[in-house]
Amino acid sequence: MANDGPVEHGYPHLETVRAAITALYKRLSYDTIQTFATSVAPVDVAFCDTDDLHLGAQRVARELVRHYRLPDARLVVGFREMTHAANVELTAGPEYFVELNDRFRTHRRDIGAALAHEVMHVYLHRLGLSFPGTRENEILTDTATTYLGAGWLLLDAYREDAASSQKLGYLTPEEFGYVLAKRALVFGEDPSVWFTSPQAYTAYVKGMARARQDGQQPPLTAAGWAGRRRYAHDRRHAGPGPDARLDAPYTFTPDVGGRLRVSFPCPTCHQRIRVPVRGRVRARCALCRTVLECDT
């Protein structure tokens, strides 16, 4: 939790974020992810200063448990002085103890954001889905929270001005915006109407621009002129050697018959797709079922 401290910006964790989206599709399946098409509604996690602190926190926790479809999970929420925003004790369940930073006693509007992350820890724990290393696992948790419909709360908790700052989660604001945009492009949902923080809206706009770039890389037909020209050059010089590009999102390899194939990440789930190099090709991602128009 950045509390009046510096807030990191940009996309330093982008590869881990993309790996987390792929892992979600692999572990949950396309059909399960589709059941999260509707995000947590603001009214369901609203928290005002006149609400009872503990009863209100329990109510919000129950709503997030319901959103994530966690059967027989009960959260007991408490508050204490701590460095991090929150912590959850991961046990066999069905009862889980969540501690929130004492800061939230007076910043109640952000309790939903903190609980969204902690309840996702329980969800991933029950799934048996994790990444090696604490930081990578926290990035997975932030990404899953956002992609499955509750992470807009985390981005909306980001506020920054010349005198103070606050940010929850391990992703940068722009990375939260990127994952929200990836979700919006899949489900046709616009989370920006729920933002109360102008900085959150700005980060979402930047994240959407970055997310759209994923669908504008060759060999996709939506790639721009410069990308198409670079791709044509790389295709002519495909194979090991000084002209092979190491920074391109695609790679060329021969199949068993010696015919050239190109592999590239799906712009939706980032699973790599491999198709023959033969001009116009329509490919369907087996993981997220996205149909892609390619010019190989």
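1. Basis. The model is predicted, so local features need pLDDT of at least 70 and side-chain atom pairs count only at pLDDT 80 or more, while totals for chains, interfaces and linings use all residues. Residues are numbered from 1 along each chain as its sequence is written, and side-chain values use heavy atoms, with hydrogens and water left out.

2. H1 against H5. Helices (H or I, at least four residues) and strands (E, at least two) are DSSP runs, numbered from the N terminus. Helix H1 covers residues 14–28 and helix H5 residues 134–147; their axes come within 9 Å and cross at roughly 60°. Axes here are lines fitted to C-alpha atoms, for helices over the stretch in contact, and angles run from 0 to 180 degrees between N-to-C directions. The angle makes H1 oblique to H5. Angles under 35 degrees count as roughly parallel, over 145 as roughly antiparallel, 65 to 115 as roughly perpendicular and the rest as oblique. The crossing of H1 and H5 is right-handed; the term applies if the near helix is turned clockwise from the far one by less than a right angle, and left-handed if anticlockwise.

3. Residues between H1 and H5. On the H1 side the contact (heavy atoms within 4.5 Å) is made by Thr 16, Val 17, Ala 20, Ile 21, Leu 24 and Tyr 25, and on the H5 side by Glu 136, Ile 139, Leu 140, Thr 143, Ala 144 and Tyr 147. Nine of the residues in this contact of H1 with H5 are nonpolar, two polar and one charged. For these classes, Ala, Val, Leu, Ile, Met, Phe, Trp, Tyr, Cys and Pro count as nonpolar, Asp, Glu, Lys and Arg as charged, and the others, Gly among them, as polar.

4. H5 against H7. H5 also packs with helix H7 (residues 173–187), at an angle of about 35° and with the axes 9 Å apart. H5 passes H7 in a right-handed crossing. From H5, Asp 142, Thr 143, Thr 146 and Tyr 147 meet Phe 176, Val 179, Leu 180, Lys 182, Arg 183, Val 186 and Phe 187 of H7. The contact of H5 with H7 holds six nonpolar, two polar and three charged residues.

5. H3 against H4. The axes of H3 and H4 come within 10 Å and cross at roughly 45°, which makes H3 oblique to H4. H3 passes H4 in a right-handed crossing. Leu 53, Ala 57, Val 60, Ala 61, Leu 64 and Val 65 of H3 meet Ile 111, Gly 112, Leu 115, Ala 116 and Val 119 of H4.

6. Core. A nonpolar core is a set of buried Ala, Val, Leu, Ile, Met, Phe, Trp, Tyr and Cys residues joined through side-chain atoms within 4.5 Å. The largest one has 91 residues, and those with the most contacts inside it are Tyr 68, Leu 100, Ile 111, Leu 115, Tyr 123 and Leu 155. Helix H4 (residues 111–127) supplies the largest share of this core, 11 residues. Not counting residues up to four places away in sequence, Leu 115 touches Ala 57, Val 60, Ala 61, Leu 64, Val 77, Val 98 and Leu 100.

7. Two buried loop residues. Buried means under 20% relative accessible area, exposed over 50%, and partly exposed in between (1.4 Å probe, protein chains only). His 13, in the loop between strand E1 (2–3) and H1, is buried at 8%. Beyond four places in sequence, His 13 touches Glu 8, Arg 135, Ile 139, Tyr 170, Leu 171, Thr 172 and Glu 175. Gly 149, in the loop between H5 and helix H6 (152–156), is buried at 1%. Leaving aside neighbours within four places, Gly 149 is in contact with Ser 39, Val 40, His 67 and Arg 183.

8. Backbone points to check. Most residues other than glycine have a negative phi, and most peptide bonds are trans. Ser 29, in the loop between H1 and helix H2 (30–34), has a positive phi of about 85° and is partly exposed at 30%. Arg 69 has a phi near 55°; Arg 69 lies in the loop between helix H3 (53–67) and strand E2 (74–80) and is partly exposed at 47%. The peptide bond from Pro 218 to Pro 219 is cis, with omega near 15°, and Pro 219 lies in the loop between helix H8 (198–214) and helix H9 (225–236).
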